[in-house]
Amino acid sequence: MLAPMTAAHARIALGLHASLSALLALIVVVVWAAADGDGLFWPAWVFVGLFVPLAIHAGARWAEGLPTRGERALGVCASVAGALAVADVAAWAIGGAGEFWPVWPLSALAVWIAVQALVVHRHRLFGSAREEELSERVDELARTRRSVVDAQAAELRRIERDLHDGAQARLVALTMHLGRAEERLGDRPEAAELVRRAREEATAAIGELRDLARGIAPPVLADRGLMAAVEALGRRSAIPVSVEGGLSRRPAPVVETAAYFVVAEALTNVAKHAPQAAALVTLAERGDLLVVEVADDGPGGADPAGAGLTGLRHRVEAVDGRLEIASEPGSGTLVRVELPCGS
Amino acid sequence: MRVVIAEDNALLREGLIALLSDHDVEVVAQVADGPGLLRVVNGHKPDLAIVDVRLPPTFTDEGVRAAIEVRRRHPGTGILILSQYVEPVYTAELLADGAEGVGYLLKERVAEVRTFLDALQRVAGGGTALDSEVVSALMRARDPRAGDGELAALSPREREVLGLMAEGRTNAAIARELVITPSAVEKHVSSIFSKLDLPAGDDDHRRVLAVLAYLRAS
């Protein structure tokens, strides 16, 4: 209501209101004294009439400064109720102070303000329980999501193992038999040719299964852990890569895999967009966090919304990690990932 | 030729034994884990050990570890790693003490029977046999423009020839592969030797040294 006014305007308005009220009160008293000066002191009623709007005005000014919208509304209502309560008591006193009838309007006003206060401040009464419930829920969701992601990672590694020992091994055995058959068909070139084609098909299938398994997790990661796998990535990269840091223990498989693919993707990006650059990969533990950084001295200006980086972000967020990218043009690119180690 | 086999998958072990016995290769022992390999190499002194990478008890790189141990204790025994995947880290570890008598092949290469038997002979005789996948993984790794020490001096054709040498191919095989004459291959090979500054001497030994230089650069 006073919002468009500046604070100074509002202060002046309230001052003016108070001065005018005082002036009117004085005039009324002078008129009363000039009339005869005794009998019923009727200006008291005028005082009450002047007091109520002034009290409400002042209350509203005060309420304006309260922090929340609910509290401001409550402040205005409390001012109105307070002004009315004072007016009621004054009217009772002026009217001869007989039976204390204002008890009824005062009670009504008190109930009104109490109900409103309850509504406005309900979160203080019930809030702590609600917040606790929410935070427990968040903990529970984080825990269950983590266990789903862990279970998924374990399942993927089991599939990889099963592929290796099952389908892949059978196909290899099949190619061995076909190879032997091919040899024995040396005197029947047409049949030998058919067998050779069958062997080549089986070999292609083995290659496809191998690519599939590598996409789940490269063997060196499962066998030797993150540090060795990252060093292997560095050696295979088309750009010079140094690896620093170290880990005192192996993080959970899902964390290792996420970290591995972050480094793999980041190095691929560097080789693609900054083929003249060199990269530095740093692995460190900070408290319960695994911190992985891939820095390069390329031209910078990477697009954090690009498909590759978005995919990485999702992989990292799935294990409650954080991914940051700093890539100012002219100052290289830094991909930094923090992953809760879990266990 | 006398060989021992370390392979935990019975299907593959039997397939391999059948194939080898077709060609008068004597399988003197077969084991299914890493410690077993050391035992039978000790006992039988074979010409060659054919070793799977993933073996019990760890089912990780047990085979590579056991093979390195065999190489350390019995330097004369050829080691042929058969794996379902290519892992340059393992190749590099096997070759750390030299490329004599070491091979690393994908398992499905066994089915190309002639080529496989050639590789067996070569490794048992102290030569090298690296899968073309291993070599091309290493090739992909280094962009020739990036410059990698002594290999930077080689022409693209010489790199190709060196890559095929690393697979263990003979000059005749390289000539067939690149569709050039054997004398052209010889010219490339001697150019590689001189660019890599390899000491004069036995050609087989120089080939091994060239391959090592190649792998070190990768």
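Let's start in chain B, where H3(B) and helix H4 (residues 88-95) pack with their axes 10 Å apart and at an angle of about 10°. That makes the two helices roughly parallel, since angles under 35 degrees count that way. Before I go on, a reminder that this is a predicted model. So who meets whom between these helices? H3(B) brings Val64(B), Ala67(B) and Ile68(B), and across from them H4(B) brings Tyr90(B), Glu93(B) and Leu94(B). Sorted by class, that contact of H3(B) with H4(B) has five nonpolar residues, one charged residue and no polar ones.

The loop between strand E3 (48-52) and helix H3 (62-73) of chain B holds Pro57(B). Pro56(B) and Pro57(B) are joined by a cis peptide bond, with omega about 5°. For context, most peptide bonds are trans.

Next comes helix H5 of chain B, residues 113-124. Its end C-alpha atoms are 16 Å apart, which agrees with the 16 Å that its 12 residues should span at 1.5 Å a residue. Which residues of H5(B) are buried? They are Phe116(B), Ala119(B), Leu120(B), Arg122(B), Val123(B) and Ala124(B), so please note the arginine in that list. The cover over these buried residues includes four strands of chain B: E3, E4 (78-83), E5 (102-106) and E6 (128-130). After H5(B) comes Gly126(B), with a positive phi near 95°.

While we are on phi, two aspartates deserve a stop. Asp24(B) sits in the loop between helix H1 (10-22) and strand E2 (26-31) of chain B, and its phi is positive, about 60°, although it is not a glycine. Is Asp24(B) buried or exposed? It counts as exposed, because it has 7 C-beta neighbours inside 10 Å. Over in chain A, Asp320(A) also has a positive phi, about 65°, without being a glycine. Asp320(A) lies in the loop between helix H10 (307-317) and strand E4 (322-326) of chain A. With 15 C-beta neighbours inside 10 Å, Asp320(A) counts as partly exposed.

Helix H1 (residues 7-35) has 29 residues and reaches 42 Å from its first C-alpha to its last, close to the 42 Å expected at 1.5 Å a residue. How many of its residues are buried? The count is zero, so H1(A) is hardly covered.

The two chains touch, with 28 residues from chain A and 26 residues from chain B in the contact. On the chain A side, helices H5 (122-184), H6 (189-216), H7 (219-224) and H8 (226-236) each supply at least two residues. H5(A) gives the most to that side, with 14 residues. By class, the chain A side divides into 12 nonpolar, six polar and 10 charged residues.

Let me finish with the core. The largest nonpolar core has 110 residues, and those with the most contacts inside it include Ala259(A), Val262(A) and Val263(A) from chain A, together with Ala49(B), Val51(B), Leu80(B) and Ile81(B) from chain B. Helix H9 (residues 253-273) of chain A gives the most to this core, with 10 residues. What does Val263(A) contact beyond its neighbours within four places in sequence? Val230(A), Leu233(A), Val281(A), Val292(A) and Val294(A). Thanks, everyone.

Technical notes:
Residues are numbered from 1 along each chain as its sequence is written. Chains are lettered from A and ligands numbered from 1 in the order in which they are written. This is a predicted model: local features need pLDDT of at least 70, side-chain atom pairs count only at pLDDT 80 or more; totals for chains, interfaces and linings use all residues. The expected span of a helix is 1.5 Å times one less than its number of residues. A residue is buried if 20 or more other C-beta atoms lie within 10 Å of its own, exposed if 12 or fewer, and partly exposed in between; C-beta atoms are placed from the backbone. Two residues are in contact if their C-beta atoms, placed from the backbone, lie within 7 Å. Ala, Val, Leu, Ile, Met, Phe, Trp, Tyr, Cys and Pro count as nonpolar, Asp, Glu, Lys and Arg as charged, and the others, Gly among them, as polar. A nonpolar core is a set of buried Ala, Val, Leu, Ile, Met, Phe, Trp, Tyr and Cys residues joined through C-beta atoms within 7 Å. Axes are lines fitted to C-alpha atoms, for helices over the stretch in contact, and angles run from 0 to 180 degrees between N-to-C directions. Angles under 35 degrees count as roughly parallel, over 145 as roughly antiparallel, 65 to 115 as roughly perpendicular and the rest as oblique.
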